[in-house]
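Please read them with the coordinates open.

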Amino acid sequence: MIVTWDMLAEKYKDYSDVKGKIRREVEAGNLVHLRHGLYETDPNADGACLACRICSPSYLSFDYVLSYYDLIPEAVIRNYSSATFRKRKTKLFANSFGNYRYRDVPDDAYPYGIDLVSRDGYKYMMATPEKALCDKLYTLPNLMHNLKEVENMLFEDLRIDEIEFAGLDKKAIREYAPRYHSKALDLFVRYLDHNGL
């Protein structure tokens, strides 16, 4: 269970040194420090379940979700990538559960293609595979200028699994892509159209 500093201060209000008590609980392994003012009571919690609380609002996306859905071959272990909005810069946090990276996506794109996941008593937000791919393409440098370069980016650079790619909901991609106001996403939709996908 995730707890805040204020919750712990209330719990330990009868102690003369609340900070010291919390520090001792961390040292004893009864609390795990996530970031300033935030702790986890279960040292065996799944790190993915914590990502949305470490930096909020956010949802798991990018390489983490692409790996989760077997779209990319890399196993993303203890590296949690999430989308945010209006944070203005990439945020990084590291703790005993793993490394957490948060990157902005456009406000218009943020609320679409997100699932609410319930697991082990936790609730968190995670992008659909289609949304995660759009998020990923949005963050890439402007390397794609024609349809062949889109194909190379997808299947050579990102090493997207072609069978898994074929199973994606292309209608959803076409719905999300214009919300990024991105040339890369516009070109991606043109690639889908050109190939009858």
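This is a predicted model: local features need pLDDT of at least 70, side-chain atom pairs count only at pLDDT 80 or more; totals for chains, interfaces and linings use all residues.

1. The chain has nine helices and nine strands. Its C-alpha atoms fill a box of roughly 70 × 30 × 25 Å along the principal axes. Of the 197 residues, 46% count as buried. Take the contacts between residues at least 6 apart in sequence: 56% of them join residues at least 24 apart.

2. Met153. This residue sits in helix α6, residues 147–157. Is Met153 buried or exposed? Its relative accessibility is 5%, and the cut-off for buried is under 20%, so Met153 counts as buried. Leaving out residues up to four places away in sequence, Met153 touches Leu137, Leu140, Leu143, Met144 and Leu158. One of these, Leu137, belongs to the α5 side of the contact between α5 and α9. Tyr180 is 27 residues from Met153 along the chain, and their C-alpha atoms are separated by 18 Å.

3. The two sides of α6. Which residues of α6 are buried? They are Leu147, Val150, Met153, Leu154 and Phe155. These residues cover an arc of only 160° around the axis, so they lie on the same side of α6. An α-helix has 3.6 residues a turn, so residues three or four places apart point the same way. The face turned away from the buried side carries Lys148, Glu156 and Asp157, which are exposed. Cover for the buried residues includes α5 (129–139), α7 (162–166) and α9 (183–194).

4. The ends of α6. Asn146 caps the N-terminal end. A side-chain oxygen of Asn146 lies 3.1 Å from the backbone nitrogen of Lys148. Beyond the helix comes Arg159, with a positive phi near 55°.

5. α6 against α9. The axes are 9 Å apart and the packing angle is about 95°. Angles of 65 to 115 degrees count as roughly perpendicular, so α6 and α9 fall in that class. From α6, the contact uses Leu147, Val150, Glu151, Leu154 and Phe155. From α9, it uses Leu187, Phe188, Arg190, Tyr191 and His194. The residues of this contact divide into seven nonpolar, one polar and two charged.

6. α5 against α9. Here the angle is about 130°, with the axes 8 Å apart. That makes α5 oblique to α9. Leu133, Cys134, Leu137 and Tyr138 in α5 meet Ala184, Leu185 and Phe188 in α9. The residues of this contact are seven nonpolar, no polar and no charged. Phe188 of α9 also takes part in the contact with α6.

7. Backbone points to inspect. Asp120 is not a glycine, yet its phi is positive, about 55°. Asp120 is in the loop between β8 (114–119) and β9 (122–127). With a relative accessible area of 61%, Asp120 is exposed. His181, also not a glycine, has a positive phi of about 50°. His181 is in the loop between α8 (170–176) and α9. Its relative accessible area is 62%, so His181 is exposed.

Technical notes
Residues are numbered from 1 along each chain as its sequence is written. Side-chain values use heavy atoms; hydrogens and water are left out. Helices (H or I, at least four residues) and strands (E, at least two) are DSSP runs, numbered from the N terminus. Buried means under 20% relative accessible area, exposed over 50%, partly exposed in between (1.4 Å probe, protein chains only). Contact means heavy atoms within 4.5 Å. The arc is that of the directions from the helix axis to the C-beta atoms. A polar contact is a pair of N or O atoms within 3.5 Å; within protein, one must be able to donate a hydrogen and the other to accept it, and residues adjacent in sequence count only if both atoms are side-chain atoms. Axes are lines fitted to C-alpha atoms, for helices over the stretch in contact, and angles run from 0 to 180 degrees between N-to-C directions. Angles under 35 degrees count as roughly parallel, over 145 as roughly antiparallel, 65 to 115 as roughly perpendicular and the rest as oblique. Ala, Val, Leu, Ile, Met, Phe, Trp, Tyr, Cys and Pro count as nonpolar, Asp, Glu, Lys and Arg as charged, and the others, Gly among them, as polar.
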